[in-house]
Amino acid sequence: MSHGGEGGASSVDLTEKSLLEEAVRNTGLTDFGDDVFREGLCVLLDSLEGEARLHDFGRLFAHKEILRHLENRLRVTEDWKRYPEMAEVEIVAPIFVVSLPRSGSTILHELLAQDPTSRFVATWECNLVSPPAEAASYESDPRIAEWEREIARTHGSEVPDFEGMHPMGARLPEECLTVMALDFKSQVFAYQFNVPSYEAWLEQQDLHSVYATHRRQLQYMQWRCPRERWVLKAVGHLWALEEIFDVYPDARVVQTHRDPLKVLPSLTSLLSMGLGMTTDAVDAQAIAMQWAESWVEALRKALAFRSSGSVDEKRFFDVHYLRSVDDPVAMVGRIYAHFGISLSEEARRRMRDFLALSPKDKHGVHHYSLEEFGLDPAAERERYRFYTESFGVEAEIQV
């Protein structure tokens, strides 16, 4: 794979001053809103320069991604000034899917999104944010085709096998991580670039301001394109159950569960492939160790919150991967019944049609082992025992 210079990529300026000035020039706008994003931006930029080991394409990609988030922030701030009535939009009882990665949360989120009464964050509308989407043109907005071209141009050429592990498409529901990138406090950057110090910093942050921005973005997207309920998903939400319920007191949470010994090697393989888009120095064993430790802390934090009694357990529904994989539509029915939501026959039909077009292992079966990434199965089983025993997670790998 060639990552040759594209117009002097090695000299691309990734400093805060340069990026802010370029965003202002490109948009003709000057108001970024409050300064809550600046600390995260600076930590990210330091991490990119100090440890990401970006090749030429990676440097260009980092520049483009950061600039897009800054320009989106400028445009959204301007739109809020023009349309202050967006603040009157009510976000009622959103559903959050939270999980370990690679635990069936993506397909569950995609199924929930098939319900015509559901509102979700489409990939195109959280990347090409302004102006707010409108119901009449939601399925034909020219930004859809624009983002499809961007996916093909970026991921299709640099990581052609990526979609085999994680589906991509402009119309597909996107994780909230892209929305949270407006504040530069988002795991999305750790999935794109080798920035462990940024991720370590992020995991220690109070995220109330991020979820306040998140709520404003839902109001923004819902303003001219409403549905009955939001269905949202991000693996990073595990770190922030307290913040979610503080900002969305009527939230409903679906937590998916899977044996961590299956999750960790699959995640490591996915991240290694994805990071290969921005660096030639991918250390899969370092990635495996970093995230094995990170997800332990995320699960401990989530379990502590759920055990605290701060929120009624009826606001949660637990989905076990092995018990849902054979009939995921039936599992959606149980989720709806638990939360008192009616699941129409039209929604069931759409979900089954979606599954028929996206069969499991459509792109082949992938096999990974903990050992090939330097992790000891017995040690990892013990490390995660508090989680598997607390939620009755079935072992898929015997040690």
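A residue counts as buried when its relative accessible area is under 20%. In this predicted model, Phe316 has a relative accessible area of 4% and is therefore buried. Phe245, at 6% relative accessibility, counts as buried as well.

These two residues also meet through their rings. The ring centres of Phe245 and Phe316 lie 5.6 Å apart and the planes stand at 50°, so the pair is classed as tilted.

The structure holds 16 aromatic pairs. Another of them, formed by Tyr83 and Trp223, is tilted, with 4.8 Å from centre to centre and 40° between the planes. Tyr83 is located in the loop between helix H3 (56-82) and strand E1 (95-99), while Trp223 is in the loop between helix H10 (208-222) and strand E3 (229-233), so this pair ties together parts that are 140 residues apart in sequence. Both Tyr83 and Trp223 are buried.

Aromatic residues also gather in a group: Phe32, Phe37, Phe184, Phe189, Tyr198 and Trp201 form one aromatic cluster.

The charged end of Arg216 sits over the ring of Trp80, at 4.0 Å from the ring centre. For Arg300, the charged end sits over the ring of Phe386, 4.0 Å from the centre of that ring.

Note on methods:
Residues numbered from 1 in each chain as written. Predicted model: local features only at pLDDT ≥ 70, side-chain atom pairs only at ≥ 80, totals over all residues. Heavy atoms only, no water. Phe/Tyr/Trp six-rings, centres within 6.5 Å; stacked < 30°, edge-to-face > 60°. Helix = DSSP H or I, 4+ residues; strand = E, 2+ residues; numbered from the N terminus. Buried < 20%, exposed > 50% of the residue type's maximum accessible area, 1.4 Å probe, protein only. Lys NZ or Arg CZ within 6 Å of the ring centre and 35° of its normal.
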